[in-house]
Amino acid sequence: MSVPQKTQHYFLPKVGTYKDLVIKEAPVAKPKANEVLVKVHAVSLQYRDYSVSVGKYDIGVYENIIPCSDMAGEILCVGEDVKDWKKGDRVCSNFMTGYLDGPCTPEAVQTSLGGQSPGVLTQYKCIPAHALVRIPEHLNYIQASTLPCAALTAYNGLQGPNPVKAGDYVLVLGSGGVSIFALQFAVASGAIVIATSSSDEKLKIASKLGARHLINYKKTPDWHKEVMKITGGVGVDHVIEVGGSGTYEKSINSVRHGGEVAVIGFVAEGTSGNPIVSIIMKSIEVRGVYVGSVSLFKNMIRLIEANPSKTEPVIDKVFSFNDAVSAYAYLESQKHVGKVVIEVAK
């Protein structure tokens, strides 16, 4: 297809409510020498997108936001210096376009899409060629749009100082995008997964995905004690901690001596006690995880391609581009299991 002249994108004038999102029209930018122009086919929503819109996630940007970080699309044209990509290639962009490898840096954080830099809830977007990752052949655009943030965060969370291995116990909290991907990646790696949720119906889905042990935390408020029973009093090797202040003390109490807690999110309300003594006495590795690099993204793709049946993205609901506000509302309801996706182009 020919390069279009106009693009539509969502725009948030200032943080406060996602209900203020509006569609604007703008000229399609010409890619710079090291960029490609991508036709966006699908965008998946993160809890971060919702949090930014309502002011719960302080990224230092409070107005004139083009939202969302996760896209899958097709290259329409490439800049003059781009050698590794061509028209028609199916790609995802990394969450941080400037984070290629190694430890994260402040400069890389400033390239975070959908906040510190303009996001991907748009029909067409220029993206640095070095930030792109090829979509696995067996995934469609809707499925692939879930990979840049939720999947990569989960993968990174399991790849700490002692990467997950067969026979490890992995505890995942809830049934959002990161937790479900962590469940799938852990199962694909041969680990034993303990999954928690407030819903027995959601736990049934977790069981179908390979979770060995299920805990309804509404029925079992002291779920960390149940985790210890399941593991014979030892504790789990890895915790994917997405709850934050409402859950982290119980996560610390669930992990074994020398185990790892990947701190990722803050979706659970409430307050916990001070776990410092437990962290010290149990020699626990507590690691903050902010998505991941392009290099790590490529490694994750290898795992997905090697285990296609165990790692197929779980899509809860798909909304049209014109109905993005409803997609945000559905994400806010927390009724979903896995991912909520906006289809930008068919």
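1. Terms first. Buried means under 20% relative accessible area, exposed means over 50%, and partly exposed lies in between (1.4 Å probe, protein chains only). By that scale K86 is exposed, at 53% relative accessibility.

2. Basis. This is a predicted model: local features need pLDDT of at least 70, side-chain atom pairs count only at pLDDT 80 or more, and totals for chains, interfaces and linings use all residues. Residues are numbered from 1 along each chain as its sequence is written, and side-chain values use heavy atoms, with hydrogens and water left out.

3. Salt bridges. The structure holds seven. Each is a side-chain nitrogen of Lys or Arg within 4 Å of a carboxyl oxygen of Asp or Glu.

4. K86 and D89. Their side chains form a salt bridge at 2.9 Å, N to O. D89 is buried, with 7% relative accessible area.

5. D200 and K219. This salt bridge spans 2.4 Å, N to O. The pair links distant parts of the chain, 19 residues apart: D200 sits in helix α6 (residues 200-208), K219 in the loop between β11 (213-216) and α7 (223-230). Helices (H or I, at least four residues) and strands (E, at least two) are DSSP runs, numbered from the N terminus. D200 is partly exposed at 34%; K219 is exposed at 62%.

6. K204 and E201. Their closest N and O atoms are 3.2 Å apart in a salt bridge. The two residues are separated by about one helical turn, because they are three residues apart in helix α6. K204 is partly exposed at 49%, and E201 is exposed at 52%.
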